[in-house]
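Colleague: I am new to this one, so please bear with me. Could you show it to me, and may I ask how you know each thing you tell me?

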Amino acid sequence: MDKLIVHGGTPLKGAINISGSKNSSLPILAATLLTDEPVILRRVPDVSDTNYMLQILTALGADVERSSGTVRITCANITPDAPYEIVRRMRASICVMGPLLARLNRATVSLPGGCVIGDRPVDLHLKGLAALGADCEVEGGNMDLKAPNGLTGVEVDLCGTHGPTVLGTDNVMMAATLAKGTTIIESAACEPEVVDLANFLNSMGARIEGAGTRRITIEGVEKLSGVDHTIIPDRIEAGTYMAAGAAFSEGITLNRVIEEHVSVAAKVLRECGHSVEFSNGGKSVTVKPGDKPLGGKITTAPYPSFPTDMQAQFTALFATTPGISVVTDTIFPQRFMHCAELSRMGAQIKVDQGTAVITGVDKLSAAPVMASDLRASAALVLAALQAKGSTEILRLYHIDRGYEHIDEKLLQLGAQVERVRE
Ligand code: EPU
């Protein structure tokens, strides 16, 4: 197991490239199961979650070749069984459910286990697939789905108590591409990653309209074919480095961003007094800390509102921003594990019922801290960069799930970090 040692106190400077989106790559990799023809995907980030997904595809019978950021996948002969040993490591494994069902009329996928960021049920995924005609049974820890006569288009509302579901929308959209007739998903998630998946499926021959809105219409087709697709930039990775640039830098530039996808992060940073300038047609952004920054107020909600996946990183930024900041997570109200660790570094944070109230302190101090999930780990890195002394962040595998070569990118930005074995 690796840990990251961050020798804090050196402001970041320089430029880096943002990687391809992890959360786009995962469902798009799963969607390759929908065709028996070869698919080429570019800018797939080299993170452990995409590696897990490739292992799952291989276990299902896919032929996979990976070289740098380009992956070539052929799912000619596949099986419908995704057992616990291969899916237990990553919740996003459930993305294979829709494609397997659509292609083979059967899918047996182990239920994902508990999750440190909160309760993560799969009822909406099953609701959508059942509406398309699948018979769903949960037995022995597995979801067993069967549609011996194929799937049939339907109108289904996928709104849950916490709003729409991203991967649930993806699963139903993927399944509906090969169903008979037209499917309408109401209360669909409109995250850019859903749009990237829809664009990918359309280039394979699917007929999807409305992705990026709350109503998606899918007209089923007979067959999908192989394509060459480039994954969109990772807006969460970009937002993480934007928060780092505002927290402690002489100004950093992030290349390969999409302005629209990070505009909510830019808005919050500007409101807090930081400088955020887009250039190169919105494909680059430069962030500099403001002279007199102020605390902020954020509430996470589905896109285009502030993403839950950036909440922890902005909490770390607010830890040393003068004044009181208030951070509420409406999507995962229990996603505040990072606050206890930030407090060990001197932050003043009170968490109550899905809201953190942060009183900015002058300085954080280094301490050994434990990463608990992907975004919580990123928050600890942000805190460690500005802290006095050397911080050891244990359980680095959490961050390696979703940040491509984070230690190398930080070194490129002038930070003093070392990856060492625990
Ligand atoms: N929900 C239900 N029932 C369901 C599915 C979801 O009630 O069947 C609830 C969840 O408990 C949550 C809300 O709906 O309260 C939204 O969850 P969603 O289904 O949208 O989450 P997800 O699709 O499983 C994706 C991202 C997460 C991100 C969430 C929310 C991927 C691979 N994962 O998860 O990303 O937090 O959307 O935006 O795309 C991360 O990258 O760190 C990460 C956790």
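Colleague: What makes the second largest cavity a cavity, and about how much space lies in it?
Modeller: About 30 Å³ of space lies in the second largest cavity. The name applies because a cavity is a set of points, on a 1 Å grid over the protein atoms alone, where a 1.4 Å probe fits but cannot get out. The volume is the space filled by probe spheres set on the points, which are joined across faces, edges and corners. Please keep in mind that this is a predicted model, where local features need pLDDT of at least 70, side-chain atom pairs count only at pLDDT 80 or more, and totals for chains, interfaces and linings use all residues. Residues are numbered from 1 along each chain as its sequence is written, and side-chain values use heavy atoms, with hydrogens and water left out.

Colleague: Which residues line the second largest cavity, and how do you know?
Modeller: Lining residues have an atom within 4 Å of a point. Here they are Ser21, Lys22, Asn23, Glu193, Asp234, Arg235, Ile236 and Arg375. Both α1 and α8 give two or more residues to this lining; helices are DSSP runs of H or I with at least four residues, strands are E runs of at least two, and both are numbered from the N terminus. Domain 1 (2-19 + 233-421) and domain 2 (22-230) each supply at least three of the lining residues, with bounds from an automatic or database domain assignment.

Colleague: How do the linings of the two cavities divide by class?
Modeller: Asp, Glu, Lys and Arg count as charged, Ala, Val, Leu, Ile, Met, Phe, Trp, Tyr, Cys and Pro as nonpolar, and the others, Gly among them, as polar. By that rule, the second largest cavity has five charged, two polar and one nonpolar residues in its lining. The lining of the largest cavity has eight nonpolar, one polar and no charged.

Colleague: What lines the largest cavity, and which element gives the most?
Modeller: This cavity holds about 40 Å³ of space. Its lining is made of Thr240, Tyr241, Ala244, Ala378, Val381, Leu382, Leu385, Ile406 and Leu410. α12 gives the most, with four residues, while α8 (235-247) and α14 (406-412) are also among the elements that supply at least two.

Colleague: What makes the second largest pocket a pocket, and where does it lie?
Modeller: A pocket is an open set of points with protein on both sides within 12 Å along at least five of seven lines. The second largest pocket has about 260 Å³ of space. Among its 17 lining residues, Ser19, Arg256, Glu404, His405 and Lys409 are the closest to its centre, and β2 (12-17) and α14 each give two or more. Domain 1 and domain 2 both contribute to the lining, so this pocket lies between them.

Colleague: How do you know where the ligand lies?
Modeller: The shell around the ligand has residues from domain 1 and from domain 2, so the ligand lies between them. The shell holds 25 residues, with Asp123, Thr165, Asp309, Ile331 and Arg375 the closest.

Colleague: How much of the ligand does the protein cover?
Modeller: On its own the ligand has 820 Å² of accessible area, and the protein covers 93% of that. Such areas come from the Shrake-Rupley method with a 1.4 Å probe.

Technical notes. A residue is near a molecule or strand if one of its heavy atoms lies within 4 Å of it.
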